[in-house]
Amino acid sequence: MSQLPKILVVYFTQTGQLKRIIDNVLGPLQGKATVVYEEIEPVSPFPFPWSKQAFFDAMPETVLARPRAIKPLKVNPDEHFDLVIMAYQPWFLSPSQPTAAFLQSPEAARLLKGKPVVTLLGCRNMWINAQEKMKRYLHQLGANLVGNIAMVDTHHNLVSLITILRWSTKGKKDAFFIFPPAGVQEKDIVESARFAAPIAEALEKKEFGGLHAQLLALRSVEMRPGLIVLEMRGVKPFRFFANFISAKGGPGDAARQGRVTLYRVILLLAIPFLSPFTTVASWLKLLLRRKQLNEDVTYYKGVSLREG
């Protein structure tokens, strides 16, 4: 009797939402594959719910890829896996600190080298730059990115911003006033089981070259052009403030808290102010530079990595 293919799932979650997405995606593979779960655990846990100050104080080290240390992995880094699922959340347009810490580890280099990898995101809606950084990590590790599934909150950008901040800082996910529940919609989480079939087929055939195209056909990645414009405008300010804040000390240092507060206020004022302008800018770009924007959409929905 042939041995079942082995899947390694590496993930970090604070709320449990990402684990539920993982379980729904892989649930139909029960009996068809052996799944090993590796939950990344920071040595000093991040708080949940977060205080507003602690949340924004985590930004500089996230953006600058100077993550908090993680505990040793439970899995043997030399164990063979037929597929790795890299499940993560973006923090501040970058992979979360625990995810970055794993990807910077020597164990990740041994686990991922030469392996096919599917990235699985559970997030608000702005994940493009985080995924670009993920692609670079995987490329440096010698891994082969063969698919991406981005499960996002599909509500309006400002609505999802309000609900996710409430969830993150108060621990309240439920609907309130005129606002829907925070996070990825329950219907979308349940329906993510549809992605299991092409993954199972690729595992059975040991052929992953066409997997992402099959996932895209099942709407694994859907993208609003306006969010591309909004994200690209946010990259440079995030890096500026990351350096500006970290110049005054490390995480939690009293000397940098004034700068953290300044950043927090500016960001929360800028997003609602800039969103209408970004909508207009994306419309103009679609009108005047349609070919480039369409090329960007195609590229960011894919798994290739641009040179440079």
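The model is predicted, so local features need pLDDT of at least 70 and side-chain atom pairs pLDDT 80 or more, while totals for chains, interfaces and linings use all residues. Residues count from 1 along each chain as its sequence is written, and side-chain values use heavy atoms, without hydrogens and water.

First, the sheet. Five strands make an open sheet, ordered β2-β1-β3-β6-β7, with parallel pairing. Strands here are DSSP runs of E, at least two residues, and helices runs of H or I, at least four, numbered from the N terminus; two strands pair if DSSP finds at least two bridges between them. The edges are β2 (34-39) and β7 (144-152); each has a single partner strand, so one side of each lacks a neighbour in the sheet. On average, neighbouring strands are turned by 20 degrees against each other, direction ignored. Axes are lines fitted to C-alpha atoms, for helices over the stretch in contact, and angles between N-to-C directions run from 0 to 180 degrees.

β1 (residues 6-11) pairs with β2 in the parallel sense over six bridges. Val-9 has Tyr-37 of β2 as its bridge partner.

Now the helices. α1 (residues 17-26) packs on the sheet, touching β1, β2, β3 (83-88), β6 (116-123) and β7, and its direction makes about 130 degrees with that of β6. Contact means heavy atoms within 4.5 Å. α6 (residues 128-140) lies across β3, β6 and β7, at about 155 degrees to β6.
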